[in-house]
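Okay, everyone, let's get started. Have a look at the model on the screen, and I'll walk you through one part of it.

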Amino acid sequence: MMRLGMISANDIDQYINNSRYLLVDLREKKDYIQSHIENAIYMDYEDIENNKVTLPRNKMILLYCDRGGLSLMAARKLSYMGYNVKSVIGGIYAYKGKNKT
């Protein structure tokens, strides 16, 4: 059963400090280091492609990238692996919240 959804970048702020959610940044490591959304962890997309994923299964995984394409592909893959996952529409470029670090 696929458990895949999408959320608006405008809705991210309501999940940032909620322990039931894990925000995952799939952009290049250098981009993550330069700036990311508060409480987001970095994950290499290649790890997902190669089934090297150790994410908690008791949380909703929220994925974002630059514009949303990569996170959608990753979300599909993770949902097939049994994770509850959502892709952020428009990625970090669409995010206008105050929680960028």
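Let's begin with a pair of facing residues: leucine 62 sits opposite lysine 86 in S5. Strands here are DSSP runs of E with at least two residues, helices are runs of H or I with at least four, and both are numbered from the N terminus.

Quick note on the source: this is a predicted model, where local features need pLDDT of at least 70, side-chain atom pairs count only at pLDDT 80 or more, and totals for chains, interfaces and linings use all residues. Residues are numbered from 1 along each chain as its sequence is written, and side-chain values use heavy atoms, leaving out hydrogens and water.

So, S4 and S5 (residues 85–89) pair in the parallel sense over 3 bridges; to pair, two strands need at least two DSSP bridges between them. S4 also pairs with S2 (residues 21–25), again parallel, over 5 bridges, and there methionine 60 in S4 is the bridge partner of tyrosine 21.

Why is S4 largely enclosed? Because 4 of its 5 residues, 60–64, are buried, meaning under 20% relative accessible area with a 1.4 Å probe, protein chains only (exposed is over 50%, partly exposed in between).

Now the helix, H3, residues 69–80. Its buried residues are Ser71, Leu72, Ala74, Ala75, Leu78 and Ser79.

How values were computed. A crossover is right-handed if, with the strands pointing away from the viewer, the path from the first strand over the helix to the second runs clockwise.
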